[in-house]
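I opened this notebook to keep track of what I looked up, entry by entry. The sequence and the model come before my notes.

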Amino acid sequence: QVQLVESGGGLVQPGGSLRLSCAASGSIFRIYAAGWYRQAPGKQRELVAVITKGGVTNYADSVKGRFTISRDNAKNTVYLEMNSLKREDTAVYYCHAVDTSNWGQGTQVTVSS
């Protein structure tokens, strides 16, 4: 079982930025697409961004133009750069190797003044 470990969450003011990282214990991201998901209190988990093993990206409409997903295959790491953060971006953010059962433990992002 490959482990995924997220980091980089925290408290940020509206309009601020954060960079999330997801490090895999193996080279799973060379085989599968990687996705960032989020779950806010009382809401279902939703897809935020996905990047294929070939580097093609796709984003939820709510984050387009503000978030950027990227990957470093040499480091087995996927990133989510989040800019112009809004209060509604507050959630636990999870990393996932698409089409597998591998999920990270989540990292809390709180956008508040």
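How many aromatic pairs does the structure hold? I found one aromatic pair, where rings of Phe, Tyr and Trp (its six-membered ring) pair if their centres lie within 6.5 Å, planes under 30 degrees apart counting as stacked, over 60 as edge-to-face and the rest as tilted.

Before going on, I noted that this is a predicted model, in which local features need pLDDT of at least 70 and side-chain atom pairs count only at pLDDT 80 or more, while totals for chains, interfaces and linings use all residues. Residues are numbered from 1 along each chain as its sequence is written, and side-chain values use heavy atoms, with hydrogens and water left out.

**Entry on strand E8**

Five of its six residues are buried, so E8 is largely enclosed by the rest of the structure; buried means under 20% relative accessible area, exposed over 50% and partly exposed in between, with a 1.4 Å probe and protein chains only. Strand E3 (residues 18–24) pairs with E8 in the antiparallel sense over six bridges, and strand E7 (residues 67–72) likewise pairs with E8 in the antiparallel sense over six bridges; two strands pair if DSSP finds at least two bridges between them. Within E8, Glu81 is the bridge partner of Arg19 and Val78 that of Arg71. I also saw that E7 and E8 form a hairpin with four residues between them, and that Asn76 in the turn has a positive phi of about 50°.

**Entry on the disulfide**

Which cysteines does the disulfide join? It joins Cys22 to Cys95, with 2.1 Å from S to S, the term standing for a pair of cysteine sulfur atoms within 2.5 Å. The pair links distant parts of the chain, since Cys22 is in strand E3 and Cys95 in strand E9 (residues 91–97), 73 residues apart. The link of Cys22 and Cys95 is left-handed, with -80° about the S-S bond. Cys22 is buried at a relative accessible area of 0%, and for Cys95 I noted a relative accessible area of 0% and the label buried.

**Entry on arginines over rings**

I checked for charges over rings, which requires NZ of Lys or CZ of Arg within 6 Å of the ring centre and within 35 degrees of the ring normal. Arg19 lies over the face of Tyr79, 4.0 Å from the ring centre, and the charged end of Arg45 sits over the ring of Trp103, 4.7 Å from its centre.

**Entry on Arg66**

Is Arg66 buried or exposed? With 10% relative accessibility, Arg66 counts as buried, and I located it in the loop between strand E6 (57–59) and E7. Its side chain reaches the backbone oxygen of Ser84 at 2.9 Å, and a polar contact of 2.8 Å joins the side chains of Arg66 and Asp89; a polar contact is a pair of N or O atoms within 3.5 Å, where within protein one must be able to donate a hydrogen and the other to accept it, and residues adjacent in sequence count only if both atoms are side-chain atoms. Not counting residues up to four places away in sequence, Arg66 touches several residues, including Glu81, Met82 and Leu85, contact meaning heavy atoms within 4.5 Å.

Methods: Helices (H or I, at least four residues) and strands (E, at least two) are DSSP runs, numbered from the N terminus.
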